[in-house]
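Reader: I have a structure here that I have not looked at before. Can you walk me through it?

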Amino acid sequence: MSAQLPLVGHPLIHLGYAYELSSREVAMEALSMASSSYNYLHKYLDDASYTRPSSNGTQSPLEILCRVQKDSRFDGLFGHEGADNLGPLFEKHEDEVLEYWNSWRITDPTKQFKASQLAAAAILVAPHKPGGKSYDFFIVHLLTTSHAVRILLPLIPAKFHVPLVRQWWLLTLAVYIAQLRPEIVLTSITDYDRGGRDWNWVDKQALEGGHALDAHYVKALRAMKTVAQTWGDEDEFYLKAAVRFADEFDGWGGFGSEELRLAHC
């Protein structure tokens, strides 16, 4: 299970869809990606010495992300966003990343996994400013990997439950820092006026809207709707997040200079 992190979590994402869709072909894709992209990240799960007691632990992943956002040790690490920041992050700042990784105390796995799914939606939608940069392509994978974890947890032995969630958490921290730690302002979701638009409107945007052929856009909307169905959405947090995302989406950003160069080759 420790090989699910590389490629921004795509082995995990595809494995989740394979079970969800009962697709052998997608399962083979997932296993092929997991085996061919097995890299340095696996050691943090395989070697227990990287799991250390934290003197500043908390049960809230959002609280930890806010701490990371304010941590001056990460200021000026990178000159741009992008997945090419991940390698240097672990090479030069492993201790800082592991400090925050270990500070998430998982004492109530179900309750805290629920909180992690809220964090996954918030980290995608809350930092976005209308008229500002496009939504972050790499951060959306934190939401879709969370969706995959939700699919897989009931299907795998219990001994893998917490390690799988901690894999997601390590990926989340790494991508968040690599993408320059955007501020997560929850009121941009909780105070959002959805103007009467509901899940039927969201579904229509996903299926018939101007970005219906963008797979990552559709997957993000579906993931938020599924989270709402799984845990309930009395305060409409996920509905507001999905409506705002669908309404403001104008393409993906967050790419580094190398990724942009390759895209134009």
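Reader: Let's start inside. Which residues have the most contacts inside the largest nonpolar core?
Author: This is a predicted model. Its largest nonpolar core has 77 residues, and Leu124, Leu221, Met224 and Phe245 have the most contacts inside it.

Reader: Which helix gives the most to this core?
Author: Helix H8, residues 161–178, gives the most, with 12 residues.

Reader: Back to Leu124. What does Leu124 touch?
Author: Leaving out residues up to four places away in sequence, Leu124 touches Tyr135, Asp136, Ile139, Val140, Leu143, Ala220 and Phe245. Phe245 is also on the list of residues with the most contacts inside the core.

Reader: OK, zooming out. How many helices and strands are there in the protein chain?
Author: The protein chain has 13 helices and 2 strands.

Reader: And why does the radius of gyration agree with a compact globule?
Author: A compact globule with 265 residues would have a radius of gyration near 18 Å, and the protein chain has 18 Å, so the two agree. Along the principal axes, the C-alpha trace spans about 50 × 45 × 45 Å.

Reader: What share of the residues is buried?
Author: Buried residues make up 53% of the 265 in the protein chain. The accessible surface comes to about 12400 Å², and carbon and sulfur atoms account for 54% of that surface.

Reader: Contacts next. What percentage join residues at least 24 apart?
Author: Counting contacts between residues at least 6 apart in sequence, 80% join residues at least 24 apart.

Reader: Why does Leu118 count as partly exposed?
Author: Leu118 has 27% relative accessibility, so it counts as partly exposed; that category lies between the buried limit of under 20% and the exposed limit of over 50%.

Reader: What about Gln205, buried or exposed?
Author: Gln205 counts as buried because its relative accessibility is 19%. Gln205 lies in helix H10, residues 199–208.

Reader: Which residues is Gln205 in contact with?
Author: Setting aside neighbours within four places in sequence, Gln205 is in contact with Ala212, Tyr217 and Ala246.

Reader: Switching to backbone angles. What is the phi of Ser22?
Author: Phi of Ser22 is near 50 degrees, which is a positive value in a residue other than glycine. Ser22 is in the loop between helix H1 (6–21) and helix H2 (24–36), and counts as exposed at 67% relative accessibility.

Reader: And where is Arg181 found?
Author: Arg181 is found in the loop between H8 and helix H9 (187–190). Arg181 has a positive phi of about 50 degrees, although it is not a glycine. Arg181 is buried, with a relative accessible area of 10%.

Reader: Last one, charges. How many are positive and how many negative?
Author: The protein chain has 25 positive and 33 negative charges, and their mean positions are 3 Å apart.

Conventions:
Residues are numbered from 1 along each chain as its sequence is written. This is a predicted model: local features need pLDDT of at least 70, side-chain atom pairs count only at pLDDT 80 or more; totals for chains, interfaces and linings use all residues. Side-chain values use heavy atoms; hydrogens and water are left out. Helices (H or I, at least four residues) and strands (E, at least two) are DSSP runs, numbered from the N terminus. The radius of gyration is taken over C-alpha atoms; the globule rule is 2.2 Å times the number of residues to the power 0.38. Buried means under 20% relative accessible area, exposed over 50%, partly exposed in between (1.4 Å probe, protein chains only). Contact means heavy atoms within 4.5 Å. Accessible areas come from the Shrake-Rupley method with a 1.4 Å probe; for residues, only the protein chains shown count as cover. Lys and Arg count as positive and Asp and Glu as negative; His and the chain ends are not counted. The place of a charge is taken as NZ of Lys, CZ of Arg, CG of Asp or CD of Glu. A nonpolar core is a set of buried Ala, Val, Leu, Ile, Met, Phe, Trp, Tyr and Cys residues joined through side-chain atoms within 4.5 Å.
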